[in-house]
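Dear colleague,

I am passing on the structure below, followed by some notes on its aromatic residues and one of its helices. Please read the notes with the coordinates open.

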Amino acid sequence: MTQPSREFLDFQAAVAGEYSLERELGRGGMGIVYLARDVHLDRKVALKVLRPELAAVIGGERFLAEIRTTANLQHPHILALFDSGRVGGTGGGTEIVFYVMPFVEGESLRDRISREKQLPVPEAVRIAREVADALEYAHRHTVIHRDVKPENILLHGGHAMVADFGIALAASRSEGGSRMTETGLSLGTPHYMSPEQAMGERDITARSDVYALGCVLYEMLTGEPPFTGPTPQAIVARMMTEEPRS
């Protein structure tokens, strides 16, 4: 049996009494997701812990203030936000910033594409419509996701739920947003970035989310994104100079 990592044990100790961690669900560029049990309500939840360097750039207090906007997004195709908080950071220790979401029984769109390669056209269109509905609602509330990709689309009972609005919103609005590239951190994934986002423009609009959703739909239908390459730079170069294959 694999022994829990030091970061797992440290975080468990920090949130003991509120949440009981069970296992790691996954990790990405922005942080680590754990399956946990809400001690008070006795329900399974997903806890997302920001990478320390990302939390340092954004600022824990600023992140939690901005993510409250996400908590007000109430839509059937947007993953809800239950709670958020920060622990540690005293005596020179590392501050841990996290937020809590429902644990969705099912899989991500990435899991399904990896398994099936190409989705049936009616299914791909239905999923895209549900994500578009969620994005249109968020955009009406002045929230831009900035990182729409298969990993952030969860499939629950076959229906799409868009996750991770909070990180992108907080990072884009924070003063640290201008320092993201200096630290090697960026919002968005090269395969799904709009040209203006890939070029580092600060004023990103709803059009970037629509572009990313178009890339996701393309991948659902063909099995790969419109532009691929061995490095992020190669992907962006192809995006700026080529037309997607029909």
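Which residues form one aromatic cluster? Phe8, Phe11, Tyr34 and Phe98 do. Please bear in mind that this is a predicted model, in which local features need pLDDT of at least 70 and side-chain atom pairs count only at pLDDT 80 or more, while totals for chains, interfaces and linings use all residues. Residues are numbered from 1 along each chain as its sequence is written, and side-chain values use heavy atoms, with hydrogens and water left out.

The structure holds three aromatic pairs (rings of Phe, Tyr and Trp, the last by its six-membered ring, with centres within 6.5 Å; planes under 30 degrees apart count as stacked, over 60 as edge-to-face and the rest as tilted). The ring centres of Phe8 and Tyr34 are 5.6 Å apart and their planes stand at 75°, so this pair is edge-to-face. Because Phe8 belongs to helix H1 (residues 6-15) and Tyr34 to strand E2 (residues 31-38), the pair ties together parts 26 residues apart in sequence (helices, H or I, of at least four residues and strands, E, of at least two are DSSP runs, numbered from the N terminus). Both residues are buried (under 20% relative accessible area, with exposed over 50% and partly exposed in between; 1.4 Å probe, protein chains only). Phe11 and Phe98, with centres 5.5 Å apart and planes at 70°, are also edge-to-face.

As for helix H8 (206-222), its buried residues include Leu213, Val216 and Met220, and Gly223, which follows H8, has a positive phi, near 95°.
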